[in-house]
Amino acid sequence: YPMGREWIGWGGMAIFGLFTGIILVRTFDGQDMVRIGPSGIWYRDWSDDIIPWREITAIGTWQVRGQKVILLSLVDPVRFPSSTLRGKAASMDRALTGGDIAITLMGTDRSFDEAMAAIEKYRQ
């Protein structure tokens, strides 16, 4: 085999191992991933800051392979930069979905419908 194929295989295994590790850690850590309340939305995969309702211009949804995602469009996305690795890849999400922040509920103990009901309840 040419050397390039071997490196592709090792790279794929490394990426698969990394994501498997992240999923396992999140499955058993018990920390909140998303909080939706009167003051706004906090998403652990984005930053430690709560995004106030007044900064959210639109809330939409997007679906890929059966997984629903909540999309937030912000007044000024620059005011709420991400401090996480996932957030650093947000430009790819933005190009694909049109939203500034894509919130997935994978790994949470709540459903998409429950999250949307909470958004409807607290958003004014």
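1. Start with the hairpin: β1 and β2 form one, with two residues between them. Keep in mind as you look around that this is a predicted model. The pairing of β1 (residues 34-37) with β2 is antiparallel and runs over four bridges. If you want a pair to click on, Ile 36 has Ile 41 in β2 as its bridge partner.

2. β2 also pairs with β3: the two run antiparallel and are joined by two bridges.

3. Next, the loop between β2 (40-43) and β3 (51-52), which is where you'll find Ser 47. Is Ser 47 buried or exposed? It counts as buried because its relative accessibility is 4%, and the cut-off for buried is under 20%. Setting aside neighbours within four places in sequence, Ser 47 touches Trp 42, along with Pro 81, Ser 82, Ser 83 and Thr 84.

4. Arg 65 deserves a look at the backbone: its phi is positive, about 50°, even though it is not a glycine. This residue sits in the loop between β4 (56-64) and β5 (67-74). Arg 65 has 86% relative accessibility, so it counts as exposed.

5. Last, the helix. Which residues make the nonpolar surface patch of about 380 Å²? They are Ile 15, Leu 18, Phe 19 and Ile 22. To get your bearings, Ile 15 belongs to helix α1, which covers residues 3-29.

Methods
Residues numbered from 1 in each chain as written. Predicted model: local features only at pLDDT ≥ 70, side-chain atom pairs only at ≥ 80, totals over all residues. Heavy atoms only, no water. Patch = residues over 30% accessible without salt bridge, like charges linked within 9 Å, V, L, I, M, F, W, Y side chains within 5 Å. Areas by Shrake-Rupley, 256 points an atom, 1.4 Å probe, with all protein chains shown as cover. Salt bridge = Lys/Arg side-chain N within 4 Å of Asp/Glu carboxyl O. Buried < 20%, exposed > 50% of the residue type's maximum accessible area, 1.4 Å probe, protein only. Contact = heavy atoms within 4.5 Å. Pairing = 2+ DSSP bridges.
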